[in-house]
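Here are my notes on the model you sent.

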Amino acid sequence: MRAITVRDREAGITGLTLEDLPHPHAAENDVIVRVHAAGFTRGELEWPGTWSDRSGRDRTPSVPGHEVSGVVTELGYGTTGLTVGQRVFGPTDWARNGSLAEHVAVEARNLAPLPADIDHTVAAALPISGLTAWQGLFDHARLTTGQTVLIHGAAGGVGSIAVQLAHEVGARVVGTGRSADRDTVLGLGAHAFLEADRLEDAGQVDVVFDVIGGDILDRSAALVRPGGTLVTIAQPPTVRPDEGRALFFVVEPDRARLADLAQRLRDGRLRVHVGTVRPLAEVADAFAPKQRVPGRTIIRVAED
């Protein structure tokens with residue numbers, strides 16, 4: 001099968017290569033998915049799991065990309081809950097070969113059925129962003145109706161979904177981003193928008209959801225009112241709110257929540273912005289675009 005691989009950690013994006021690899025093996029509780037569309041995170045070439053398995057052993061050549069939408073073609077021993085020929089979507093494992101390939105082996109529990117009326121390119125943009133937004137807001141920060149949440153990177157993949165979910169639950173939403181993102185963020189349901197240099201204008205909030213880290217994360221701690229929560233996916237926080245919580249988390253697979261997010265897409269309660277769709281051969285350019293492209297960049301691997 002054709003796949004994008006990386007072999008040299010020092011090469012970075014220039015090391016992304018399209019080559020032929022053996023067809024993946026379906027281990028116990030796995031499925032093999034014929035990939036129709038794949039999502040990726042531009043920083044994943046720096047993740048340890050891209051280069052080594054869970055035991056720390058080198059696993060190159062490895063295949064990046066950890067969001068998949070496609071069709072089940074094979075079931076591993078003991079696999080239940082999915083069938084051959086079924087449309088599915090979800091995240092792939094961080095320390096196994098990913099979705100930038102014609103086929104990928106995935107634990108069945110990572111995947112949810114994909115309704116026929118959702119395009120694969122849209123579905124591939126949802127798993128990590130959607131689950132991260134939900135888990136950050138509700139599982140970790142315990143956001144509820146009437147609270148105020150400050151969401152950094154509110155026009156990005158995770159942030160844009162977080163804005164919509166927080167708005168729907170009845171929270172007051174303040175989004176941050178570049179000045180060019182203002183209309184987008186307000187259009188998603190945010191009640192206010194701030195640029196980074198005006199961060200402190202947000203006042204005291206119940207929840208800060210950070211996807212950026214660094215100075216933004218550090219400055220955000222002072223904005224959390226007593227009893228509130230600062231939650232981040234960027235890095236473990238070094239500054240904590242007074243009388244509040246600060247935590248870092250990594251998203252977990254959740255089939256039931258994926259199904260819920262898909263239903264929200266179908267109902268029109270959730271929008272996913274796919275900005276550009278590119279073929280597998282253009283992955284290197286997609287990882288390092290020459291100009292900023294609004295919305296998620298998705299790789300189309302096979303036609304429906």
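1. Which side chain meets that of Glu19 in a salt bridge? The partner is Arg7, with 2.9 Å from N to O. Keep in mind that this is a predicted model. Glu19 belongs to strand S2 (residues 17-20), while Arg7 sits in the loop between strand S1 (2-5) and S2, so the pair ties together parts that are twelve residues apart in sequence. Glu19 is buried, at a relative accessible area of 18%, because the cut-off for that label is under 20%.

2. The pair of Asp117 and Arg266 is also a salt bridge, its closest N and O atoms being 3.0 Å apart. Asp117 is in the loop between strand S7 (112-113) and helix H1 (120-123), and Arg266 is in helix H6 (residues 255-267), so this pair ties together parts that are 149 residues apart in sequence. Asp117 is exposed, with a relative accessible area of 53%, and Arg266 counts as partly exposed at 44%.

3. Asp285 and Arg278 form a further salt bridge, at 3.9 Å from N to O. Asp285 is partly exposed, its relative accessible area being 37%.

4. Salt bridges link Glu168, Arg257, Asp260, Arg264, Asp267 and Arg269. Over the whole structure, the search finds 19 salt bridges.

5. What does Val149 touch, leaving aside residues up to four places away in sequence? Its contacts are Leu137, Leu143, Ala166, Ala171, Arg172, Val173, Val174 and Val207.

6. Val301 is placed in the segment after strand S15 (296-300). Is Val301 buried or exposed? Val301 is buried, at 16% relative accessible area. Val301 and His36 are 265 residues apart in sequence, yet their C-alpha atoms are 5.0 Å apart in space. Not counting residues up to four places away in sequence, Val301 touches Val35, His36, Ala37, Ser99, Ala101, Glu102 and Leu280.

Technical notes:
Residues are numbered from 1 along each chain as its sequence is written. This is a predicted model: local features need pLDDT of at least 70, side-chain atom pairs count only at pLDDT 80 or more; totals for chains, interfaces and linings use all residues. Side-chain values use heavy atoms; hydrogens and water are left out. A salt bridge is a side-chain nitrogen of Lys or Arg within 4 Å of a carboxyl oxygen of Asp or Glu. Helices (H or I, at least four residues) and strands (E, at least two) are DSSP runs, numbered from the N terminus. Buried means under 20% relative accessible area, exposed over 50%, partly exposed in between (1.4 Å probe, protein chains only). Contact means heavy atoms within 4.5 Å.
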